[in-house]
Amino acid sequence: MYDIASAGEDIADNPVYVTLNLCRVLAYLQDGLVLSKAQGGSWGLTHLPAGDHHLLQGALAAYAGGKCPVFTGLEGFAAQMLQRIRALI
């Protein structure tokens with residue numbers, strides 16, 4: 001939880017790490033899973049709304065060594081994920 005406390009501010013500077021990490025935390029709280037960042041992103045593709053998939057796919061591609069895309073909607077994604085996470089605590 002400490003690692004995501006400032007996710008809303010940090011996501012603009014480190015979108016790949018924060019996006020995948022938020023998925024990992026939600027997967028743990030929701031399903032009891034301990035996942036890698038890549039696994040967290042994949043989990044997000046099956047558990048998060050389709051509107052978030054473009055962000056998750058871009059983060060996964062960049063994490064795998066691909067070119068980092070220009071991300072949009074980062075702050076909204078972080079706020080939405082933090083709200084979901086807080087609801088499970």
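Start by selecting His-53: leaving aside neighbours within four places in sequence, His-53 is in contact with Gly-44, Leu-45 and Leu-48 (contact means heavy atoms within 4.5 Å). What you have open is a predicted model, where local features need pLDDT of at least 70, side-chain atom pairs count only at pLDDT 80 or more, and totals for chains, interfaces and linings use all residues. Residues are numbered from 1 along each chain as its sequence is written, and side-chain values use heavy atoms, with hydrogens and water left out.

Now zoom in on the side chain of His-53. One of its polar atoms lies 3.0 Å from the backbone oxygen of Leu-45.

Next, colour by confidence. pLDDT is the predictor's confidence in each residue, from 0 to 100. The chain averages 95, and 100% of its residues reach 70 or more. Confidence is lowest in helix H1 (residues 7-10), at a mean of 94, and highest in H3, at 98.

His-53 sits in helix H4, so to speak of helices: they are DSSP runs (H or I, at least four residues), numbered from the N terminus.

**H3 and H4**

Select residues 37-47 (H3) and 53-63 (H4): these helices pack at an angle of about 160°, with axes 9 Å apart. Axes are lines fitted to C-alpha atoms over the stretch in contact, and angles run from 0 to 180 degrees between N-to-C directions. That makes H3 roughly antiparallel to H4 (over 145 degrees counts as antiparallel, under 35 as roughly parallel). Show side chains and you'll find Lys-37, Ala-38, Gly-41, Ser-42, Gly-44 and Leu-45 of H3 meeting His-53, Leu-56, Gln-57, Leu-60 and Tyr-63 of H4. By class, this H3–H4 contact has 5 nonpolar, 5 polar and 1 charged residues.

**H2 and H5**

Hop over to residues 15-31 (H2) and 74-88 (H5), which pack at about 20° with axes 10 Å apart. H2 and H5 are therefore roughly parallel to each other. By class, the contact of H2 with H5 has 13 nonpolar, 2 polar and 1 charged residues.

**H2 and H4**

Keep H2 selected and bring back H4: the pair packs at about 115°, with axes 9 Å apart. From H2, Val-16, Thr-19, Leu-20 and Cys-23 make the contact, and from H4, Leu-55, Leu-56, Ala-59, Leu-60, Ala-62 and Tyr-63 do. The residues here divide into 9 nonpolar, 1 polar and no charged.

Note on methods: Helices (H or I, at least four residues) and strands (E, at least two) are DSSP runs, numbered from the N terminus. Angles under 35 degrees count as roughly parallel, over 145 as roughly antiparallel, 65 to 115 as roughly perpendicular and the rest as oblique. Ala, Val, Leu, Ile, Met, Phe, Trp, Tyr, Cys and Pro count as nonpolar, Asp, Glu, Lys and Arg as charged, and the others, Gly among them, as polar. A polar contact is a pair of N or O atoms within 3.5 Å; within protein, one must be able to donate a hydrogen and the other to accept it, and residues adjacent in sequence count only if both atoms are side-chain atoms.
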